[in-house]
Amino acid sequence: MNKKIFRSSVAVALVVLLSSIVLIMGILFQYFENQLQSELESEANYIAYAVENQGLDYIENFTDSDKRITLISPDGDVIADTSADESKLDDHSDRQEVADAMKNGQGTSIRYSGTLAEKTVYYAMKMNDGNILRVSTTQYTVVTILISLLQPILIVFVVAIAVSFIMAQRISKSIIKPINALDLDNPSNNEPYDELAPLLRKISKQKRTIEKQIKNAEKKQEEFRLITENMKEGFIVVDKQMNLLTYNRAALKLLDIDKITPEKMLTDCDDNLLFAIEKALTGEREKSDLTFNNSHYRLIANPVLEENIVIGAVIIIMDVTESVQREQLRQEFTSNVSHELKTPLTSISGFAEMMKSGDTPDSVVKDFSSSIYEEAQRLITLVNDIIKISELDEKKDKADMEEVDLFELSSDIISRLEPVAVKRNICLNLIGESTVLLGNEKILDEMIYNLCDNAIKYNADNGTVDVILNESSKHIKLTVRDTGIGIPQSEQERIFERFYRVDKSHSKTIGGTGLGLSIVKHAAIYHNAEIKVKSELDKGTSITVMFNKLEYL
């Protein structure tokens, strides 16, 4: 804008200068021409008077070389001339100034030279005797005058240009300075020019509108960020060229990427993810499963359409590990239950089939009946354990909580298991003092009973089982410690799974359903307790259930 104002100012100055020169020259030339006409007329009157009084001698003795005097008779013949031999001059009656003088008493005319460098001005008047007196003078034309004045005009022109440049530069800067100093953040506080007031008001209005739109956009962006960042599902958005537009932290976590660049996510990711994105960008919805790092994910890629044209894709990544594991556990549980139920039922069916024939001796029938009873009891125990786990799964509320003395409850359980322990010469010890806990007595009984029962089953003959109760300001700890066969480190995370057995061959010898520790786990979850296992092969196992005392105060 500064340059434009500068150029415009210089151009205006030059146009004004040239126009002024032309106008002044024209006015002055016209003025001098009129002045010359007036002088010729005055001089003609003077000469006419002199000729009438002195005769032709005045013309012959005329000494003004700038003027030419010609005396013409009424029929057009030249009587006398100060610049030429009158006898050689032709008829002048056809001259315009002469003809006008004969007709009107006076006349004027202008004739230019062949080069147009000069012009001759004629003035003719009719004398009292009828003769025509003509006075003429030669004058330079405008072009000649301009050429003769070219040098001073150029000097003036150059000086004018220099002054114009300086003034234009200063003027443009002075005009632009208030505009450059405008505070567009606060348009209403500016008052540079009245002409800019409507523009500033419009800018101020647009600024408020833009600020409002920005705030709304930021609010929506923040809402979008909060929603996506708090999603458990991974969220990825790409454009048509597979450029990453946005993603959330869950996507990084699910894809197991800590530090990432946008390019890396789409170049180093799993082929299934790339395939899903490419399929979505063709306009089709893609759904697939992905497994890595022992986790299971479900990918859902949807195309983003604008006027039926695909402009990008949205990819949702869901962690379905838990549901897949649950399904695997359900299938495993179903298979284990079927197996556990099939074994005693098969035995019962076989014994019953042999007894059905009627040829079985009484002594054998008695043994068969004992075996059928044992298998039936095993079956009943298995069903009862399954029912207990189902009940623990279904118990959501804790309205049946009451104060339970774990010391007394543990003492009662030890008394019930004493006969079993005596058969293998296993010593049962209760260590601690009265410890009251707010809980479900029946569930706590099942928990402690199963812990002690397992400690006896998997203990060595002449071993020891200790039930230890500790109480602090924050926790109540129940520990069941044995001197048994121990659990391998690699198996310790799975001992609480349903029907899982560390040593299946040994478990067949000692019996059990494989649900004891699973019941313990569910009982601990019911009471918001934490289970810790510490075991070493051939040295024994210690299982601690730690209750948060603050929850029961």
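The legends below describe several close-up views of a predicted model.

**Figure 1**
The predicted chain holds 15 helices and 17 strands. Of its 553 residues, 36% count as buried. Among contacts in the chain with a separation of 6 or more, 55% are accounted for by residues 24 or more positions apart.

**Figure 2**
The strands follow the order E12-E14-E15-E17-E16, and their pairing is mixed. Strands E12 and E16 (530–536) stand at the edges with a single partner strand each, so one side of each has no neighbour in the sheet. On average, neighbouring strands of this sheet are turned by 10° against each other, direction ignored. Helix H12 lies across E12, E14, strand E15 (475–482) and strand E17 (540–548). The helix H12 runs at about 175° to E12.

Strands E12 and E14 run parallel and are joined by five bridges. Across this pair, Leu428 stands opposite Val465 in E14, and Ile431 stands opposite Ile468 in E14. Strands E14 and E15 run antiparallel, with seven bridges joining them. Here the bridge partner of Ile468 is Thr479 in E15. Strands E14 and E15 form a hairpin, and three residues lie between them.

**Figure 1. The largest cavity is shown with its lining residues.**
One cavity of 30 Å³ or more is found in a search of the whole structure. The largest cavity contains about 30 Å³ of space. Its lining consists of Ile414, Leu417, Leu428, Asn429, Cys452, Ile456, Val465 and Val467. Two or more lining residues come from each of helix H12 (406–423), strand E12 (427–431), helix H13 (441–457) and strand E14 (464–471). By class, seven lining residues are nonpolar and one is polar, while no charged residues occur there.

**Figure 2. The hairpin of strands E9 and E10 is shown with its turn.**
Strand E9 (residues 295–306) pairs with strand E10 (residues 309–319) in the antiparallel sense, over 10 bridges. Tyr297 stands opposite Asp319 in E10. The two strands E9 and E10 form a hairpin with two residues between them. Glu307 is placed in the loop between E9 and E10. The phi of Glu307 is near 55°, a positive value in a residue other than glycine. With a relative accessible area of 73%, Glu307 is exposed.

**Figure 3. Asp538 is shown in the loop between strands E16 and E17.**
Asp538 lies in the loop that links E16 and E17. Its phi is near 65°, which is a positive value in a residue other than glycine. The relative accessibility of Asp538 is 67%, so this residue counts as exposed, the cut-off being over 50%.

**Figure 4. Helix H15 is viewed with its buried residues.**
Nine of the 11 residues of helix H15 (residues 516–526) are buried, so the helix is largely enclosed by the rest of the structure. The buried residues of H15 are Gly516, Leu517, Ser518, Ile519, Val520, His522, Ala523, Ala524 and Tyr526. Asn528 follows H15 and has a positive phi, near 55°.

**Figure 5. Strand E4 is shown beside its partner E3.**
Of the nine residues of strand E4 (residues 118–126), seven are buried, so this strand is largely enclosed by the rest of the structure. Strand E3 (residues 106–112) pairs with E4 in the antiparallel sense, over seven bridges. The bridge partner of Ser109 is Tyr122 in E4.

**Figure 6. Leu345 is shown with Ile372.**
Leu345 lies in helix H10 (residues 321–356). This residue, Leu345, is partly exposed, with a relative accessible area of 44%. Leu345 and Ile372 are 27 residues apart in sequence, and their C-alpha atoms are 9.1 Å apart in space.

Notes. Residues are numbered from 1 along each chain as its sequence is written. This is a predicted model: local features need pLDDT of at least 70, side-chain atom pairs count only at pLDDT 80 or more; totals for chains, interfaces and linings use all residues. Side-chain values use heavy atoms; hydrogens and water are left out. On a 1 Å grid over the protein atoms alone, a cavity is a set of points where a 1.4 Å probe fits but cannot get out, and a pocket is an open set with protein on both sides within 12 Å along at least five of seven lines; lining residues have an atom within 4 Å of a point. Grid points are joined across faces, edges and corners, and a volume is the space filled by probe spheres set on the points. Helices (H or I, at least four residues) and strands (E, at least two) are DSSP runs, numbered from the N terminus. Ala, Val, Leu, Ile, Met, Phe, Trp, Tyr, Cys and Pro count as nonpolar, Asp, Glu, Lys and Arg as charged, and the others, Gly among them, as polar. Two strands pair if DSSP finds at least two bridges between them. Axes are lines fitted to C-alpha atoms, for helices over the stretch in contact, and angles run from 0 to 180 degrees between N-to-C directions. Contact means heavy atoms within 4.5 Å. Buried means under 20% relative accessible area, exposed over 50%, partly exposed in between (1.4 Å probe, protein chains only).
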